[in-house]
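Notebook open, structure on screen. I want to look up a few spots and write down what I find.

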Amino acid sequence: MNHPVKRIGVLTSGGDAPGMNAAIRAVVRGCLYRGIECVGIRRGYNGLINGDILRMDAGTVTHIINRGGTILYTARSDEFRTPEGQQRAAATCKLLGLDGIVAIGGDGTFRGAEALAKTGVSVVGVPATIDNDIVCTDYTIGFDTASNTAVDAIDRLRDTMQSHERCSVVEVMGRNAGHLALYVGLAVGATAVLMPEMPMDFDRDVVEKIRRARLAGKTHFMIVVAEGAGSAMEIGDKIHQELGLDPRVTILGHIQRGGTPTARDRVMATRMGYTAVEVLLAGKTNRVVCSQHGSMVDVDIEEGLSMKKGLNQEQCDALEAMTGL
Ligand code: F6P
């Protein structure tokens with residue numbers, strides 16, 4: 001792309017994540033700093049298809065750095081998955097004179113960005129999902145806030161589980177990935193953590209760990225289950241059958257996606273949003289902004305999504321040691 005960038009569009013797509021607003025703000029302020037216009041596109045790729053836009057300036061992003069959710073709304077667009085939808089979105093970009101798009105979201109958002117880039121529109125992705133499952137980046141916006149929300153909820157559960165000497169089974173989000181469950185499990189000192197990346201052997205991974213904890217003098221137990229690892233209700237039932245305990249099951253659900261973003265999420269979102277504008281200004285397209293070893297880099301979207309992100313091995317080793325007594 002050789003012509004100068006004068007106007008950029010920004011959208012949020014897929015499941016929301018705390019810190020998305022901080023990323024929108026960073027894109028808008030990054031554009032203003034560079035003397036270019038920024039347009040907000042509402043409701044993800046649907047907004048691009050339908051021309052559902054909002055002119056952005058410093059006023060429209062004031063007081064949003066601290067707010068969860070996304071002021072631009074979000075959606076998963078079925079129409080955009082079709083070639084016709086993608087052509088309509090590209091036509092809107094042309095009509096609106098958009099020289100580039102910043103797409104904030106997770107892997108589905110980046111697949112969309114890739115498709116849009118193929119139509120000739122310059123696109124850069126910013127990773128925002130509580131799942132932290134994008135392989136090319138060490139971090140995705142929202143993970144820290146979601147982890148802290150889950151930890152806070154589990155700490156509260158622990159109080160009552162301890163009083164009643166009960167077992168708690170808590171399901172956390174993460175879709176097909178266990179990053180959130182692993183991190184939260186470490187943070188709460190779980191008795192056991194079940195993750196989709198590690199095929200479960202119920203006797204070894206649950207029964208044995210509870211038995212050992214009992215032998216060590218524990219009278220309450222905390223089992224963290226990633227939603228992709230199986231049904232928390234079924235695991236609770238099995239614990240009842242095999243160990244005679246009377247577990248209480250809690251599914252944390254969308255609570256994990258809301259709330260005030262932590263300082264880490266605000267700072268990562270600000271750095272990533274700012275970098276996305278710089279990447280577009282450098283004439284690049286089909287890129288995703290990534291945090292790698294503490295620095296911001298940009299990588300090809302295809303390359304960035306090419307593999308499933310493995311669990312952090314050092315965290316897994318620590319968990320094994322902490323739950324293996
Ligand atoms: O990808 C983020 C996420 O919260 C996953 O952890 C979860 O599986 C999914 O979105 C839930 O999606 P929805 O909001 O459509 O129920």
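This is a predicted model: local features need pLDDT of at least 70, side-chain atom pairs count only at pLDDT 80 or more; totals for chains, interfaces and linings use all residues.

Residues are numbered from 1 along each chain as its sequence is written, and side-chain values use heavy atoms, with hydrogens and water left out.

**Loops**

I looked up Arg43 and found it in the loop between strand E2 (37-41) and helix H2 (44-50). Its phi is near 65°, which is positive even though the residue isn't glycine. Most residues other than glycine have a negative phi, so that went into the notebook.

Is Arg43 buried, partly exposed or exposed? My cut-offs: buried is under 20% relative accessible area, exposed is over 50%, and partly exposed is in between (1.4 Å probe, protein chains only). Arg43 has 36% relative accessibility, so it counts as partly exposed.

Next I checked Glu165, in the loop between helix H5 (143-164) and strand E6 (167-172). Glu165 is not a glycine either, and its phi is positive, about 50°. With a relative accessible area of 49%, Glu165 is partly exposed.

Then Ile255, which I found in the loop between strand E9 (248-251) and helix H9 (263-281). Ile255 counts as exposed because its relative accessibility is 58%. I also noted that Ile255 and Met173 sit 82 residues apart in sequence and 9.8 Å apart in space, C-alpha to C-alpha.

**Helix H11**

Which residues of helix H11 (residues 313-323) are buried? I got Gln315, Cys316, Leu319 and Thr323. The buried residues pack against helix H6 (179-188), strand E7 (192-194) and H7, where contact means heavy atoms within 4.5 Å.

**H7 with H8**

Last stop: which residues of H7 meet H8? I listed Phe202, Asp203, Val206, Val207, Ile210, Arg211 and Arg214 in H7, facing Ile235, Lys238, Ile239, Glu242 and Leu243 in H8. By class that makes 7 nonpolar, no polar and 5 charged residues (Ala, Val, Leu, Ile, Met, Phe, Trp, Tyr, Cys and Pro count as nonpolar, Asp, Glu, Lys and Arg as charged, and the others, Gly among them, as polar).

Definitions and conventions
Helices (H or I, at least four residues) and strands (E, at least two) are DSSP runs, numbered from the N terminus.
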